[in-house]
Amino acid sequence: MHPEQNDELGFSTLAIRTGHHRTPEGEHGEPIFPTSSFVFANAAEAAARFSGAKPGNIYARFTNPTTRIFEERLSALEGAEDCAATASGMAAILSLGLALLKAGDHVIVSKQVFGTTTVLWNKYFAKFGIEVSHVDLTDLAAWRAAIRPNTRLLFLETPSNPLTEIVDIRAVAEIAHGAGALLAVDNCFCTPALQRPLTLGADVVIHSATKFLDGQGRAIGGAVCGPKSITDEIVGVLRTAGPTMAPFNAWIFLKGLETLNLRMKAHSANAQKLAEWLAAHPRVSRVYYPGLPSHPQHELAKRQMKGFGGIVGFEVEGGREAAWKVIDHTRLFSITANLGDVKSTITHPASTTHGRLTDEQRAAAGIKEGLIRLAVGLEDAEDLIRDLARGLDAPHG
Ligand SMILES: *Cc1c(COP(=O)(O)O)cnc(C)c1O
């Protein structure tokens with residue numbers, strides 16, 4: 001399939017067909033190339049590949065044909081010029097920073113990002129003289145106020161985890177561009193099936209392919225999508241430093257992308273049913289889900305997203321004891337912090353993902369002791385509701 005056809009094809013067609021340039025064998029499924037290096041016809045061809053005069057594979061730390069199919073397919077879905085696949089979601093963020101930033105540059109990161117992302121910026125990038133500020137995701141005035149003359153990059157996730165706060169991507173992109181900076185959006189929670197940040201003005205999209213892109217909890221991987229001028233720099237980092245996606249993982253993610261559209265719709269439909277049921281439950285004091293009209297940014301979510309996603313937060317009366325009781329009464333939900341799987345998961349953020357924060361930091365982040373996070377999978381919603389009801393309807397005490 002030729003890339004120039006993209007404009008005419010729908011999302012699912014792109015997700016199933018893009019990037020597979022069949023070999024002479026005529027294989028129907030995408031081939032896996034488990035090879036570390038590639039062979040040249042003669043010395044002149046080797047020289048031309050190494051100099052870049054002739055495009056082509058050299059060594060699998062730089063490129064691999066299976067990984068290239070994944071990159072072309074994800075680019076098509078995000079509406080990006082190109083994509084560079086990485087060994088993990090964290091490797092994508094690391095490579096982005098190494099490619100774009102130098103000592104003395106300033107970055108603004110929303111407070112509500114994945115915990116390890118905060119550690120990467122504050123502990124590791126800071127060691128090399130990159131200044132980092134944190135702002136509240138939804139506070140546009142705070143983004144504006146944090147801009148400095150040396151600000152190069154703004155970085156955010158929307159919706160946030162676990163409280164599903166949402167920011168207007170277009171508005172933050174305008175703030176970034178007004179300051180001559182770039183906006184990077186970690187689109188792991190939505191995937192391009194639900195939200196396409198580049199069409200809203202963002203410059204770069206980051207993925208943890210480990211989550212919904214795979215969708216079945218089988219492999220670790222990541223990606224950076226954006227203009228070729230940036231992804232070429234990322235490939236330069238991968239080639240030099242090595243956090244490259246393995247071809248077998250790329251093949252798994254290709255299989256994941258083929259069902260992405262169907263799965264994201266199904267995750268969203270299941271999550272909506274659970275959120276509505278929880279909102280009506282007398283022991284639940286608050287539900288965080290963008291698909292509920294009570295969500296503070298429901299209207300923005302409707303404009304910016306094609307569906308509301310699979311992540312639901314809710315608070316139970318009775319603090320940690322009551323939350324743990326609900327978690328421990330489930331039989332279907334997996335008690336784990338992972339998300340983006342066909343298997344539903346349940347987490348107590350205050351004692352796990354946010355357990356290393358001080359009580360004050362947790363309070364500032366809005367993570368209460370009674371908060372439970374669900375990553376709603378694709379089991380039957382009625383069974384998941386019964387699973388939650390077991391703990392929620394259990395006698396008090
Ligand atoms: C999991 C996650 C990451 C990190 O991805 P890995 O593939 O685990 O390295 C980054 N951002 C978000 C939002 C995530 O959920």
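## A walk through the strands and helices

Let's start with strand β6 (residues 204-208), which is mostly covered, with five of its five residues buried. Buried here means under 20% relative accessible area, exposed means over 50%, and partly exposed is in between (1.4 Å probe, protein chains only). Strands like this one (E, at least two residues) and helices (H or I, at least four) are DSSP runs, numbered from the N terminus. Before going further, keep in mind that this is a predicted model, where local features need pLDDT of at least 70 and side-chain atom pairs count only at pLDDT 80 or more, while totals for chains, interfaces and linings use all residues. Residues are numbered from 1 along each chain as its sequence is written, and side-chain values use heavy atoms, with hydrogens and water left out.

Back to β6. In a regular strand the side chains alternate between the two faces of the sheet. In β6 both faces are covered: Val-204, Ile-206 and Ser-208 are buried on one side, and Val-205 and His-207 are buried on the other. What does β6 pair with? One partner is strand β5 (residues 182-186), which pairs with β6 in the parallel sense over three bridges. Two strands count as paired if DSSP finds at least two bridges between them. Look for Val-185, whose bridge partner in β6 is Val-205. Strand β7 (residues 222-226) also pairs with β6, this time in the antiparallel sense and over four bridges. There, Ser-208 has Gly-222 of β7 as its bridge partner.

Now move along to another group of strands. Here you'll find an open sheet of five strands, in the order β8-β9-β12-β11-β10 and with mixed pairing. β8 (284-288) and β10 (334-335) stand at the edges with a single partner strand each, so one side of each has no neighbour in the sheet. As for what holds such strands together, strands of a sheet pair through backbone hydrogen bonds, either parallel or antiparallel.

Is β12 mostly covered or mostly open? It is mostly covered, with five of its five residues buried. Leu-371, Arg-373 and Ala-375 point one way from β12, Ile-372 and Leu-374 point the other way, and all are buried. β9 and β12 pair in the antiparallel sense over five bridges, and Phe-314 has Ile-372 of β12 as its bridge partner. Strand β11 (residues 345-347) is joined to β12 (residues 371-375) by three bridges, and these two strands run antiparallel. Thr-345 has Ala-375 of β12 as its bridge partner, while Ile-346 stands opposite Leu-374. Helix α13 (residues 319-329) lies across β9 (311-316), β10, β11 and β12, running at about 130° to β9.

Next come some other helices. An α-helix has 3.6 residues a turn, so residues three or four places apart point the same way. Take helix α2 (residues 43-51), whose buried residues are Glu-45, Ala-46, Ala-48 and Arg-49. They cover an arc of only 165° around the axis, which puts them on the same side of α2; that arc is taken from the directions from the helix axis to the C-beta atoms. The face turned away from the buried side of α2 carries the exposed residues Ala-43, Ala-44, Phe-50 and Ser-51.

Helix α4 (residues 89-100) and helix α9 (residues 228-241) have axes that come within 9 Å and cross at roughly 105°. The axes are lines fitted to C-alpha atoms, for helices over the stretch in contact, and angles run from 0 to 180 degrees between N-to-C directions. α4 and α9 are therefore roughly perpendicular to each other (65 to 115 degrees; under 35 counts as roughly parallel, over 145 as roughly antiparallel and the rest as oblique). Ser-95, Leu-96, Leu-98, Ala-99 and Leu-100 of α4 make the contact with Ile-230, Glu-233, Ile-234, Val-237 and Leu-238 of α9, where contact means heavy atoms within 4.5 Å.

Met-90 is in helix α4 too, and at 22% relative accessibility it counts as partly exposed. Not counting residues up to four places away in sequence, Met-90 touches Phe-114, Thr-116, Thr-117 and Leu-120. Met-90 and Thr-116 are 26 residues apart in sequence, yet 7.8 Å apart in space, C-alpha to C-alpha. Thr-117 lies in helix α5 (residues 115-127) and is buried, with a relative accessible area of 0%. Leaving aside neighbours within four places in sequence, Thr-117 is in contact with Met-90, Ile-93 and Phe-155.
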